[in-house]
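Here is a short report on a two-chain model. Look over the sequence and the structure first, then read on.

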Amino acid sequence: MRRDDGVFRELIDDYLVECLPLAERVADGFVELERRRREGASEDGLLASLQGMLHTVKGNSAMMGLAPAQELAHALEDLSALLGRDGAPESEGGGAALLVAGGGLLVEQVRAAAEGGDPGRTAEFVAQVHAFAARTSEPTVPLGRRGGERRSAPETRPEGAANVVRVDFRRLDAMLEVLGEGLIEHSAVVEAFRRVARRGGAGEEIGDLDRAIVAMEKTMKRLEAVVMETRLLPISTVFGRFPRQLRDIAHSQRKRVRLVVSGGETSLDKAVLDRLGEPLLHLLNNAVVHGIEDPDERLRAGKPEEGTLELSAASQSGRVIIHLTDDGRGLDETKILAEAESLGLDVRSADPARIRALIFLPGFSTAAQVSQLAGRGVGLDVVAGSIRGLGGTIEVESRPGRGVTFVLDLPLTLAVVRSLIVEVDRERYAVPISQVAETVRTEPEAMRQINGRGVTLWRGDLIPVSDGGALLGTGGRPAAPRRFFVVISSGGRRRGVLVDRLMGHQDVVVKGLDRTLGRPEMVSGTTILGDGRVACILDAARILEREVPA
Amino acid sequence: MSGGGFARELHLLTFALDREEYGVPVGQVREVIRVSEITRVPHAPAHVRGVTNLRGRILPVVEIRTRLGLQPAAITGRSRIVVVEVHDRVLGILVDAVLQVTKVPLESVTPPPAEVVSPGSDFIGGVARASSRLVMLLELEKALPPPDTELSP
């Protein structure tokens, strides 16, 4: 069988789809097992379920002729059996750690099968397992030559496998694109209908048409929901890798850290998930390196030696909120302030939220030792950039001496964004609803000036107000005062933007920005409105980063 | 050169910018569309007029006139967007009017006089003569460099 053979390729793909998640679950399971053994917690049949998965990986690897993966799975099965026996030798750092190492190797092996490679080290590992088996009491299960049926480990298959088909994700993208065109065309029909209806169009037929359009709108909504649903994957596909990665980071830092994950079933568009793993890992890494203290320091502070990271996800009205909490030392606001001043930032009147938000500024990552001492800062601007790039926000809460919580607020999907449509100097813009705090009718006497810059009282706070035309460079001052302002908000900052008209809410289909357009600040994408016109989607986070123009 | 299988003519689509006639190879042109709404993109590069809806796709529209040192175009009933492919991208270039699809003999093409070419504005690859007309051969690859290249204003 040649490796570049199409049939083989397809088989390998099937193998990966089935075995990689199993191998990852096995590897994570071993990490969990090691922790439970250390704490003397109940193992609750964990080992038995892992053995079932190993058995499947072993069988499939054998079928594909992937000898190293097969041998490795086999050795791990044996080792699990050895450690799972009644009165099994307590691992004493030996057995469980060996399982963890083997689990990681298994993931590598399965992954390498796609490239037809072999990361090696399998023979070495198998030898270690044998040595371990020989060290402990005589095994009841002879290593390497097991026959007959297994008792407690049924073969594990993905749930509902019979109803699952594999679809190339690009097809789902194509579906989404066609759906988007359908949505745009539907709004075009609605607009045209309204024009006809306003002219007092054709008598009773207009009622039929109206009903047909309403029915079609409902169908389009359902179609949209169905297409979106096919793109959703549980966030556990991203979280799943963290326990192992975290263990390695903690190990290299000589710290003890436990990861508690919840809400893994929360679903997100694959396109969002694909871009979420890296920033999250970055935050976890930061928490271990800078947040969690050394074991001695923790004991002195009256904390358990082992640090805890809590990672949770939850759906909340069409968005997904992720919390990452550590029980480390927290942010040092005094040092952040000193750092900010050394960068020439004016923070005299900044409130605590503004001060904490400083850690996401680019200068903070590279500026000085201070940010290291303060506990955070390395590359957080990059993390914040990735999250904003996903149409999300990131905020940080700190409890000095007790830890830090990052709160990420993400859209379910990148494809459709509920937006407010506004008009400025006859140009229309879409503002994502998630970034709109309120729309307010302008009272001329409420618009005041400080240093030539507009401000107004909003909900008891003085907030800056910018002219939409000046901000967006529409050219020329408005003939009449603008009638509304939209309070945009992101990352704890707010600003009023004056606009001429509010055109209502609409689900807009996001189209990218062609690179010919450069990287225009303030604009995150484009969309096509019902009348066929293109509108730019504004990026409130970027607008809020800019100085308020005089 | 005689009788070889190679084209001895240039197949051009020509259009008007101010009072001059410019030509681009027909092979580079995908289609010509009427100008509908062009949406300005805030803080986009100077030579970008905006974006327009091309059957559900977003088409960037380039203000080729300012690249050639002319004033931005006023849209009239004759204005058209020539949809071209440059550096593997599909772009629209806004022209005052589309004139014709024509063939000009290769040997009628001469380089532009050196005195009128300055560095950074050498977008005219040659001048073709057909009877009394002069057609400037516009090199779109030079006039519209790939993204992320700094453009001189």
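## Confidence and conventions

pLDDT is the predictor's confidence in each residue, from 0 to 100. Chain A has a mean pLDDT of 81, with 88% of its residues at 70 or more. In residues 139–155 of chain A the pLDDT is below 50, and this stretch has 20 contacts in the model beyond near neighbours in sequence. Two residues are in contact if their C-beta atoms, placed from the backbone, lie within 7 Å. Residues 366–378 of chain A also have pLDDT below 50, with 32 contacts in the model beyond near neighbours in sequence.

This is a predicted model: local features need pLDDT of at least 70, side-chain atom pairs count only at pLDDT 80 or more, and totals for chains, interfaces and linings use all residues. Residues are numbered from 1 along each chain as its sequence is written, while chains are lettered from A and ligands numbered from 1 in the order in which they are written.

## Chain B

Chain B holds 2 helices and 11 strands. Helices (H or I, at least four residues) and strands (E, at least two) are DSSP runs, numbered from the N terminus. Along the sequence the pattern is β-β-β-β-β-α-β-β-β-β-β-β-α.

Of the 153 residues in chain B, 29% are buried. Buried means that 20 or more other C-beta atoms lie within 10 Å of the residue's own, with C-beta atoms placed from the backbone. Among the contacts in chain B with a separation of 6 or more, 52% join residues 24 or more positions apart.

## Where the chains meet

Which chain gives 18 residues to the contact, and which gives 22? Chain B gives 18 and chain A gives 22. On the chain B side, β4 (48–54), β5 (57–62) and β7 (89–95) each supply at least two residues. β4(B) gives the most, with 4 residues.

By class, the side of chain B that touches chain A has 10 nonpolar, 5 polar and 3 charged residues. Ala, Val, Leu, Ile, Met, Phe, Trp, Tyr, Cys and Pro count as nonpolar; Asp, Glu, Lys and Arg count as charged; the others, Gly among them, count as polar.

## A helix pair in chain A

Helix α11 (residues 277–291) of chain A packs with helix α17 (residues 380–389) of chain A at about 150°, and their axes lie 9 Å apart. Axes are lines fitted to C-alpha atoms, for helices over the stretch in contact, and angles run from 0 to 180 degrees between N-to-C directions. α11(A) and α17(A) are therefore roughly antiparallel, a term for angles over 145 degrees.

The contact uses Glu278(A), Pro279(A), His282(A) and Leu283(A) of α11(A). From α17(A) come Val383(A), Ser386(A) and Ile387(A). These residues divide into 4 nonpolar, 2 polar and 1 charged.

Technical notes
A residue is buried if 20 or more other C-beta atoms lie within 10 Å of its own, exposed if 12 or fewer, and partly exposed in between; C-beta atoms are placed from the backbone. Angles under 35 degrees count as roughly parallel, over 145 as roughly antiparallel, 65 to 115 as roughly perpendicular and the rest as oblique.
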